[in-house]
Amino acid sequence: MLNAIYEEDFLGFSYGFRPKRSQHDALDALIVGITSKKVNYILDADIRSYFDSVSQDWLIRFLKHRINDLRMIRLIQKWLKAGILEDGIITVSETGTGQGSVASPLLSNIYLHYVFDLWAERWRRRQATGDMIIVRYADDIIIGFQHESDARRFWDAMRERLREFSLLLHPDKTRLIRFGRFAATQRAERGLGKPETFTFLGFTLICGKTRQGRFALQRKSRGDRMRAKLKEIKKELRRRMHHPIPQQGNWLKQVVTGYFAYHAVPTNSRALHASGITLRTYGDARSNDVARRTGQGGTASRSWRTTTFPIPAFFILGLTHASPSNTQGGSRVPELGSLGSVRGALSNERPYRDLDARFVSVYS
């Protein structure tokens, strides 16, 4: 019920924890925005400990603004006050959305909808002097600007806005960088190196060029994510050591296929190829180690490879583009149009509807 209600209100640049929207949709919207609008600066905003910092009092006030059902409000308050059970000890916090709760993702989205989304959309329409794009996936927020002055004014205003609602920007992880089609030329004129990069949803975004010399936004898998995945695989395979080799291979096949399915996006073929070689080398070494320890025979490595790597090989050798990614401007959210995903829900005629005078300070 809450999902159906708030899907009428959420803006187009919000992607996290929403039906029929994924990380790839958010990445596509960001790329469409940067390549089709006049974006010269990127503000990579990081909210410190967001899910643990949400003010429950403000959250209930936001919910009451939209929901006139005291039974639903009481149920949500019980979710918030349920606490977390760890090692037989229940810990109840006065802040946060209760991570692990079935409603936590939606509640966290509702909080940022009122605290950030409505405010940022209004700031873009009323105070920005140039082009401005916004993409938010949960608490990961990327804002693009045409003018540096707009970016710095927005940064200062955003810091104050979040502070009013018990949220803080991480001072070390929030940064403003020169990024876009003119970034390389502008930095070269100042005697600087290549344009800086930023990360979003597991990818590093890079200012690159096509073979014809035109600007092209490149995506590359983050190296730390690959290393983390290998550690995860190593730990789980150690736990499954005494399972039959084909059974271990089938499990690893699912993990590897999922990794490649997510990271198979345009311009990421080199990183995928390197990841595939690393995984295959590690898999062969691991299968031989398992065979030696468990006495499953010398055919373990061959059995492992045949059960694990046929599908990833497709991504490594043959992939030149990825579905569902579409960086040519087509929107995967039809009602928003090609740029609605980065400019806000244009179909929402009254995003401030039913505004109560008592809450003017919340939305303005």
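Strands E8 and E9 run antiparallel and are joined by 7 bridges. Strands (E, at least two residues) and helices (H or I, at least four) are DSSP runs, numbered from the N terminus. Two strands count as paired if DSSP finds at least two bridges between them. The model is predicted: local features need pLDDT of at least 70, side-chain atom pairs count only at pLDDT 80 or more, and totals for chains, interfaces and linings use all residues. Residues are numbered from 1 along each chain as its sequence is written, and side-chain values use heavy atoms, with hydrogens and water left out.

Axes are lines fitted to C-alpha atoms, for helices over the stretch in contact, and angles run from 0 to 180 degrees between N-to-C directions. Contact means heavy atoms within 4.5 Å.

The largest pocket has a volume of about 440 Å³. A pocket is an open set of points on a 1 Å grid over the protein atoms alone, where a 1.4 Å probe fits, with protein on both sides within 12 Å along at least five of seven lines; lining residues have an atom within 4 Å of a point. Its volume is the space filled by probe spheres set on the points, which are joined across faces, edges and corners. Of the 14 lining residues, Lys 209, Gln 218, Thr 267, Ser 269 and Arg 270 are the closest to the centre. Strand E8 (203-209), strand E9 (215-221) and helix H11 (269-294) each give two or more residues to the lining. E9 gives the most, with 4 residues.

Another open sheet has 4 strands in the order E4-E5-E1-E6, paired antiparallel. Its edge strands are E4 (132-137) and E6 (175-178), each pairing on one side only. Neighbouring strands are turned by 15° against each other on average, direction ignored. H2 (residues 23-36) packs on this sheet too, touching E1, E4 and strand E5 (140-145). The directions of H2 and E4 make about 170°. Helix H6 (residues 104-126) touches E4 and E5, and its direction makes about 175° with that of E4. Strand E1 (residues 41-46) pairs with E6 over 4 bridges. There, Tyr 41 is partnered by Arg 178 of E6.

E4 and E5 are joined by 6 bridges, with Ile 134 partnered by Ile 143 of E5. The two strands form a hairpin with 2 residues between them. In the turn, Ala 138 has a positive phi of about 55°. In E4, 6 of 6 residues are buried, where buried means under 20% relative accessible area (1.4 Å probe, protein chains only). Met 132, Ile 134 and Arg 136 lie on one side, and Ile 133, Val 135 and Tyr 137 on the other.

Arg 136 has a relative accessible area of 0%. A polar contact of 2.8 Å joins its side chain to that of Asp 117. Such a contact is a pair of N or O atoms within 3.5 Å; within protein, one must be able to donate a hydrogen and the other to accept it, and residues adjacent in sequence count only if both atoms are side-chain atoms. Not counting residues up to four places away in sequence, Arg 136 touches residues including Phe 13, Tyr 15, His 113, Phe 116 and Ile 141.

Methods:
Buried < 20%, exposed > 50% of the residue type's maximum accessible area, 1.4 Å probe, protein only.
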